[in-house]
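Visitor: Hi, I'm new to this one. Can you put it on screen and walk me through it?

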Amino acid sequence: MNRRKFIKTGCIACTSIGFLSTMIQSCTTVKYSTGTLNDNGILIDVKDYETKHGVRNYVIVRHDDLQFPICVYKIDEHKYSALLMRCTHQGAELQVAGDQLTCPAHGSEFDKWGKVTQSPAAENLRSFPVSITGDKLFIDLRKQV
Ligand code: FES
């Protein structure tokens with residue numbers, strides 16, 4: 001194998017490994033939970049953030065009685081950010097990409113605190129207070145942060 005072919009083969013192998021690593025990582029970081037809905041809010045397990053190799057950044061709560069899912073970011077051991085995944089521009093459902101939420105309709109973007117980082121949306125996302133009770137997180141749907 002000559003030098004040029006060796007470099008070309010090595011680059012393809014490294015790119016493939018990097019791509020697979022990213023795919024595996026993204027697959028393991030997305031966790032969906034239905035939670036337990038009551039009159040005041042929804043409960044999810046703190047364990048939902050645990051993975052084999054560490055901690056997830058967020059959990060997406062999808063429940064039949066909720067019109068839109070809620071993305072719950074783990075900021076640290078005691079702080080979470082719960083965001084309604086409804087775009088404030090025209091109401092499309094958002095997609096989560098790492099530390100930001102993006103709108104497939106017209107491209108608005110929001111950070112993990114729900115703050116608009118890319119227009120056309122002009123208002124921040126609706127967010128809810130999160131409290132920790134033992135091994136559960138309570139997302140209070142009655143209030144808005
Ligand atoms: S509905 Fe989200 S950017 Fe328009």
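Guide: Let's start with Leu83. Leaving aside neighbours within four places in sequence, Leu83 is in contact with Ile70, Cys71, Leu101, Gly114, Leu125 and Ser127. Two residues are in contact if their C-beta atoms, placed from the backbone, lie within 7 Å. Keep in mind that this is a predicted model: local features need pLDDT of at least 70, side-chain atom pairs count only at pLDDT 80 or more, and totals for chains, interfaces and linings use all residues. Residues are numbered from 1 along each chain as its sequence is written.

Visitor: Which residues have the most contacts inside the largest nonpolar core?

Guide: Those are Ile70, Cys71, Val72, Ala82, Leu83, Val130 and Ile139, in a core of 27 residues. A nonpolar core here is a set of buried Ala, Val, Leu, Ile, Met, Phe, Trp, Tyr and Cys residues joined through C-beta atoms within 7 Å. Buried means that 20 or more other C-beta atoms lie within 10 Å of a residue's own; with 12 or fewer it is exposed, and in between partly exposed.

Visitor: And which strands each supply at least two residues of this core?

Guide: β3, β4 (58-61), β5 (70-76), β6 (79-84) and β13 each do. Strands (E, at least two residues) and helices (H or I, at least four) are DSSP runs, numbered from the N terminus.

Visitor: What about Gly41, buried or exposed?

Guide: Gly41, in strand β3, counts as buried because it has 21 C-beta neighbours inside 10 Å. Not counting residues up to four places away in sequence, Gly41 touches Phe138, Ile139, Asp140, Leu141 and Arg142. Gly41 and Val130 are 89 residues apart in sequence, yet 9.7 Å apart in space, C-alpha to C-alpha.

Visitor: How many bridges join β3 to β13?

Guide: Five, between residues 41-45 and 136-140, running antiparallel. Asp45, for instance, stands opposite Lys136 in β13. Two strands pair if DSSP finds at least two bridges between them.

Visitor: What joins β12 to β13?

Guide: Four bridges, again antiparallel, with β12 covering residues 130-133. There, Val130 stands opposite Ile139. β12 and β13 make a hairpin with two residues between them, and Gly134 in the turn has a positive phi of about 60°.

Visitor: New topic: in what order do the four strands of the open sheet come?

Guide: β7-β8-β9-β10, with antiparallel pairing. β7 (95-97) and β10 (116-118) stand at the edges with a single partner strand each, so one side of each has no neighbour in the sheet. From one strand to the next, the twist averages 35°. Axes are lines fitted to C-alpha atoms, for helices over the stretch in contact, and angles run from 0 to 180 degrees between N-to-C directions.

Visitor: Which residue in β10 partners Phe110?

Guide: Val116 is the bridge partner of Phe110. Two bridges join β9 (residues 109-111) to β10.

Visitor: Where is Pro120?

Guide: Pro120 sits in the loop between β10 and β11 (127-128). The peptide bond from Ser119 to Pro120 is cis, with omega near 25°.

Visitor: What's the mean pLDDT of the chain?

Guide: The mean is 85, and 80% of residues reach 70 or more. pLDDT is the predictor's confidence in each residue, from 0 to 100. Where pLDDT is low, the predicted coordinates should not be read in detail.
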